[in-house]
Amino acid sequence: MRAAISALPGYVPGRPAPVAPDGTSYKISSNENPYPPLPAVLEVVQRAVTEINRYPDMASTQLVSALAERLDVPAPRIVTGTGSVGVLSSLLQAVCEAGDEVVFAWRSFEAYPIVVGLSGATAVPVPLDGAGRHDLDAMADAITERTRLVLVCTPNNPTGPVVGAQELEAFLGRVPRDVLVVVDEAYLEFVRDPTAADGLAVHRAHPNVMVLRTFSKAYGLAGLRVGYAVAHEPVAEALRRAAVPFGVSSIAQLAAVASLEQEKALLERVDGIVDERERVAAELTRQGWRLPRSEANFVYLPVGSATPDLVAACAEAGLSVRGYGSDGVRATVGDAAADDVLLEVCGAFLQRWSPDRVG
């Protein structure tokens, strides 16, 4: 095996929900959409099942066309893949070689150091600031002549804050033109901060910026694995060359198209999740928690060394949450019943830990 394989961290998926003594269980560890697919999307999926003996359209023509119209970008700039992380993996294979560097904030999306390591490049993680936000000045300082890519996750997973439009523009002013900046907007639809950066607008203004998005979160298609990039033509063509052939299934393509057609109903669901996020964050703050400002479909509890203890307390109540070493705990919001249990657990937990141990 390649030496790089043994050095890679393993991706840790959200654990199944444990069963509490009262029989309740909730999985809020994977940032999944709590709503089932809309009937119109299910209908399309059921019809598509009858043709799974055929290969899918490798170019995702129908989906690319629908996205081009929806986003008002030329179709040749859009490349689909198996979730946004699948597109990112293809990008790194196309762009990076041994000795190259990839800069990203940390802690951020757990797959970043994995896909960077697989490409043969060197990961350059830059610590978040004290509010769980990207430290763009420090990230700019970390760029060297070996840097090929910079990853900007907004809202940031797992902490939740967005990158502001003005600060991203200032950052791009410091990035060399031959370094590609990837704006990862997996949680874009949950953002309500008017100062947040608009990845597409930034892409249009900068030839070295591309955008990653997914149908897994807001659109509720996590199990079908479909995401996409919006990139300028040379990068988009490289992505198509590096992609796994027939990676996005016919079912996934058609479900994504149907989801775009049902976007109004789906985004109404997103509004409900955002309202629930605000309720949960407000109650946690009232309890005494100091939280990063989340613009995604989760909240982040920066409990430091108490992380395993909070994960265990949640498990006792039938909740599976996502613990990150000795940094903190992320909990998906959207299911009011699960959120109520989370609030009860967090309120009791905080009583056992002094405020200087939390936040």
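Reply: Let's start with strand β3 (residues 101-106), which runs parallel to β5 and is joined to β5 by 4 bridges. One of the pairs has V102 with L149 of β5 as its bridge partner. A quick word on terms: strands (E, at least two residues) and helices (H or I, at least four) are DSSP runs numbered from the N terminus, and two strands pair if DSSP finds at least two bridges between them. This is a predicted model, where local features need pLDDT of at least 70 and side-chain atom pairs count only at pLDDT 80 or more, while totals for chains, interfaces and linings use all residues. Residues are numbered from 1 along each chain as its sequence is written, and side-chain values use heavy atoms, with hydrogens and water left out.

β5 also pairs with strand β6 (residues 180-184), again in the parallel sense, over 5 bridges; here V152 has V183 of β6 as its bridge partner.

β11 and β12 (residues 328-332) share 3 bridges, and Y324 stands opposite G328 of β12.

On to the helices. α12 (residues 307-316) packs on α13 at about 135°, with the axes 10 Å apart; axes are lines fitted to C-alpha atoms, for helices over the stretch in contact, and angles run from 0 to 180 degrees between N-to-C directions. The two are therefore oblique to each other, the class left over once under 35 degrees is called roughly parallel, over 145 roughly antiparallel and 65 to 115 roughly perpendicular. D309, L310, A313 and C314 of α12 make the contact (heavy atoms within 4.5 Å) with L342, V345, F349 and R352 of α13.

α13 (residues 336-352) also packs with α11 (residues 263-287), at about 15° and again with axes 10 Å apart, so α11 and α13 are roughly parallel. On the α11 side the contact residues include E276, R279 and V280, and on the α13 side they include A336, D339 and L342.
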